[in-house]
Amino acid sequence: MVERGVNNLMVHLGILPEIDRMPTPVPTRYLEVGGADYYVYAPENGLFEPLAELGDMVRAGQPAARMHFPETPWAEPVVTHFRRDGFVLCKRMPGRSMRGDCLFHLGTDIAL
């Protein structure tokens, strides 16, 4: 990606001829992040287990994560859910998390 960007900048500046322009492998996708329903937050302190990956398309109501409780291993994990359809733009690294930590950011397509 960096090589393509530098190369195309040199084409734009006239350092390289137009024939050397490198095309993008896929079209650009424009997304927006809206209100609070675009985010998933940790409901409790615990061990975050994601149930979705970066780049996934998710649906409202779909399980997003499980929060496990190592100090009380007999307790059932708490499952959080996505509140809207969207594209997973950002995911917290699995591991210890505290109540209120952001676990996921979603994006939705912008009509141009």
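**Figure 1. Surface and overall form of the protein chain.** The protein chain exposes about 7,500 Å², and carbon and sulfur atoms supply 60% of it. Accessible areas come from the Shrake-Rupley method with a 1.4 Å probe; for residues, only the protein chains shown count as cover. This is a predicted model: local features need pLDDT of at least 70, side-chain atom pairs count only at pLDDT 80 or more, and totals for chains, interfaces and linings use all residues. Residues are numbered from 1 along each chain as its sequence is written, and side-chain values use heavy atoms, with hydrogens and water left out. The C-alpha trace spans about 65 × 30 × 20 Å along its principal axes. The radius of gyration of the protein chain is 20 Å, while a compact globule of 112 residues would have one near 13 Å. That radius is taken over C-alpha atoms, and the globule rule is 2.2 Å times the number of residues to the power 0.38.

**Figure 2. Elements of the protein chain.** One helix and nine strands are present. Their order from the N terminus is α-β-β-β-β-β-β-β-β-β. Helices (H or I, at least four residues) and strands (E, at least two) are DSSP runs, numbered from the N terminus.

**Figure 3. Strand 9 and its partners.** Strand 9 (residues 102-109) runs antiparallel to strand 1 (residues 31-32), with two bridges between them. Here Leu31 has Asp109 as its bridge partner. Strand 2 (residues 39-41) also pairs with strand 9 in the antiparallel sense, over three bridges. Tyr41 stands opposite Cys102 of strand 9. Four bridges link strand 7 (residues 86-91) to strand 9, again antiparallel. Cys90 has His105 in strand 9 as its bridge partner. Two strands pair if DSSP finds at least two bridges between them.

**Figure 4. The largest nonpolar core.** This core has 15 residues, and Phe82, Val88, Leu103 and Phe104 have the most contacts inside it. Strand 5 (63-68) and strand 9 each supply at least two of its residues. A nonpolar core is a set of buried Ala, Val, Leu, Ile, Met, Phe, Trp, Tyr and Cys residues joined through side-chain atoms within 4.5 Å. Buried means under 20% relative accessible area, exposed over 50%, and partly exposed in between (1.4 Å probe, protein chains only). Of the 112 residues in the protein chain, 25% are buried.

**Figure 5. Thr80 and its surroundings.** Thr80 lies in strand 6 (residues 78-81). Thr80 counts as buried because its relative accessibility is 9%. Leaving aside neighbours within four places in sequence, its contacts include Val40, Tyr41, Gln62 and Leu103. Contact means heavy atoms within 4.5 Å.
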